[in-house]
Amino acid sequence: MKDWRLFTRDSRIAYFSMEIGLSSDIPTYSGGLGVLAGDTIKSTADLKVPMVAVTLLHRKGFFRQELTAEGAQREHAVSWNPESFMERLPIKTLVTIEDRDVKIQAWLYRVKSPAGGVVPVLFLDTDIPGNLDSDRRLTDHLYGGDLEYRLKQEIILGIGGARILSTLGFDIRKYHMNEGHASFLTLELLSHNRNPEAKHLDDPNAWDLKSVSKRCVFTTHTPVEAGHDRFPYEMIEKIGPSLVPIEIIKKLGGDDMLNMTMLALNLSHYVNGVAKKHGEISQALFPGFEIHAITNGVHPFTWTSPYMVALYDRYIPGWAHEPELLVRVDNIPDEELWDAHCGAKALLFQYIEETTGQRFDPDVLTVGFARRSATYKRGDMIFTDIERLLKIGEGKLQFVFAGKSHPKDEPGKELIQKIHERVVELGGRIKVIYLQNYDMELAYKLIPGVDIWLNNPMRPREASGTSGMKAAFNGVPNFSVLDGWWIEGHIENVTGWSIGPAPTESTLVEINSEEDVRDLYQKLEDVIIPTYYGDRKKWISIMKGAIGKNAYYFNTHVMMRRYVTEAYLR
Ligand SMILES: *Cc1c(COP(=O)(O)O)cnc(C)c1O
């Protein structure tokens, strides 16, 4: 019984993503984008939305991060066995790269919900005998290699993905592109939608753009122009794809370079940014297109610590399937919520002691900061004025950091080293630890185990941010710059605290860091530290604010229902 065929009985939404993070054992993600994709798929399974997801196998993963004592990042390839998690399907497909055929096979992974839903995820793989050695390596490294490698990967994802779905017999009603990496799927669809009467194929009227865009949904994730993938047309002519004439591709993808975001915009009937502000920024970046906003979420059960799960199960049964029920958080007695939080904190501190030998004090207000190390996230901002920080926080604050930098992001790597230098300057008077190899498993320990979750990106560069939502599920209030989702989630002193001014900009302007730094210190000193040590009842009410007014809404269940009604059913 070839039981994967069961999945081909109903028509499905095909969800394409270059990275998918389902668990740390399957290292096919780098950060927020991949974790969002994984959380989306899990909620889809919970809600029994008919979906099939497509990604690449990434046999060597992203990388495992090791940090030297000075904070220099060492990158190690990750090896893992797809065989331990997935089943290799017996059917292959082909794409053309540089005029030769490249064979693609797919591995099937099933995301199973306790509620009974199952979503198949196809991991595409070119490591097949018969392919050139170099082609066999094309599905090894997530975001590795040069621009040509990237182009080939995107051909495999977009075109190979669409073809394998069709070869396997899937009936696809919508194609959802999670970021522009999969935009080539539109060209594959277009190549099957030529007007039969057309004489000149380089005439746009020869192609039925409408019937393609009717089936495509596109989610853009970056507010920064330079963050969108671009390929020179000489590279496209050399490598591919050559499914439709280059003149047509230029009309759809831009005159100078093929911009994958433009391609997706031109061939999707529904386009969205990942938070309200990000929708606005994207609209300014791409005038002429209608850009909606569906705010990201996190998967409730995946990101809630076992301590909180036990508590919610007791007082708010059904919360994991219907996170809206968390509005009833006030049913949880204060002491029990506090005890559950202390459990998560002890677990994190135990991990810190076991891995680094450092002992953290469970009675000290602990600030968490963990995310990809990119300069716009300003991981070292808290250390701007060491004297001031010592004056405010000596004996009252401790910090837990983590985060990888992209291997090619030198400034991001320097940022990690800068943080290490600042820690030396503090001379142990305030404890700071930078944990190695931030991944989903570490995030699951780290986020619930701190008392506040700090985020201070340069506005408006944080499209959404999702780690703050993970904090909310664990009753950890956010202390964050008003950007991304936090603009929607923030109620001062009720769900957490803001840093810096109101978010008025709608383009990428240079912002005044000083104002943010001043506010960061001032609020720690005047509000956060006094509340934590002096008014436990108020503190717990803010923890409940995070759960009842943030977590109940900012989750992938709510998000998925919006995609279904606003994008998939249109
Ligand atoms: C949630 C998560 C992220 C995203 O964090 P942001 O705050 O949204 O940048 C990145 N990496 C890992 C491992 C995560 O779990």
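Mentor: Begin with a term: a polar contact is a pair of N or O atoms within 3.5 Å. Keep in mind throughout that this is a predicted model.

Trainee: With that cut-off, what is the distance from an oxygen atom of the ligand to an N or O atom in the side chain of Ser467?
Mentor: The pair consists of a ligand oxygen and an N or O atom in the Ser467 side chain. The cut-off for a polar contact is 3.5 Å. The distance for Ser467 is 2.4 Å.

Trainee: How much of the ligand's area does the protein bury?
Mentor: Taken alone, the ligand exposes 390 Å². The share of that area buried by the protein is 95%.

Trainee: Which residues are the closest to the ligand?
Mentor: The ligand is surrounded by 14 residues. Lys377 has a side-chain N or O atom 2.8 Å from a ligand oxygen, and a polar side-chain atom of Lys470 is 2.6 Å from a ligand oxygen. The closest residues are Lys377, Gly465, Thr466, Ser467 and Lys470.

Trainee: How many charged residues does the shell around the ligand have?
Mentor: Sorted by class, the shell has five nonpolar and five polar residues. The number of charged residues in the shell is four.

Trainee: Which domains give at least three residues each to the shell around the ligand?
Mentor: The chain is divided into two stretches by the assignment, one of them made of 11–65 + 74–195 and the other of 306–555. Each gives the shell at least three residues. They are domain 1 and domain 2.

Trainee: How many residues does the contact take from domain 2?
Mentor: The C-alpha centres of domain 1 and domain 2 are 32 Å apart. Their contact takes 17 residues from domain 1. From domain 2 the number is 17.

Trainee: Is Asn455 buried or exposed?
Mentor: Asn455 sits in strand 17, residues 452–455. Its relative accessibility is 9%, and the limit for this class is under 20%. Asn455 therefore counts as buried.

Trainee: What is the length of the polar contact that joins the side chains of Asn455 and Glu462?
Mentor: Beyond four places in sequence, Asn455 is in contact with residues including Phe369, Arg371 and Glu462. The side chains of Asn455 and Glu462 are joined by a polar contact of 3.4 Å.

Trainee: Is Thr139 buried or exposed?
Mentor: Thr139 lies in the loop between helix 2 (133–136) and helix 3 (147–168). Among its contacts beyond four places in sequence are Leu56, His58, Asp125 and Tyr149. With a relative accessible area of 0%, Thr139 is buried.

Trainee: What is the relative accessible area of Pro407?
Mentor: Pro407 is in the loop between strand 15 (397–402) and helix 13 (410–426). Not counting residues up to four places away, Pro407 touches Phe62, Phe63, Glu75 and Lys413. Pro407 is partly exposed, at 27%.

Trainee: How far apart in space are Pro407 and Lys42?
Mentor: In sequence, Pro407 and Lys42 are 365 residues apart. From C-alpha to C-alpha, the separation in space is 29 Å.

Trainee: Which residues of helix 4 are buried?
Mentor: Helix 4 covers residues 184–191 and is mostly covered, with seven of its eight residues buried. The buried residues are Phe184, Leu185, Thr186, Leu187, Glu188, Leu189 and Leu190.

Technical notes
Residues are numbered from 1 along each chain as its sequence is written. This is a predicted model: local features need pLDDT of at least 70, side-chain atom pairs count only at pLDDT 80 or more; totals for chains, interfaces and linings use all residues. Side-chain values use heavy atoms; hydrogens and water are left out. A residue is near a molecule or strand if one of its heavy atoms lies within 4 Å of it. A polar contact is a pair of N or O atoms within 3.5 Å; within protein, one must be able to donate a hydrogen and the other to accept it, and residues adjacent in sequence count only if both atoms are side-chain atoms. Accessible areas come from the Shrake-Rupley method with a 1.4 Å probe; for residues, only the protein chains shown count as cover. Ala, Val, Leu, Ile, Met, Phe, Trp, Tyr, Cys and Pro count as nonpolar, Asp, Glu, Lys and Arg as charged, and the others, Gly among them, as polar. Domain bounds come from an automatic or database domain assignment. Helices (H or I, at least four residues) and strands (E, at least two) are DSSP runs, numbered from the N terminus. Buried means under 20% relative accessible area, exposed over 50%, partly exposed in between (1.4 Å probe, protein chains only). Contact means heavy atoms within 4.5 Å.
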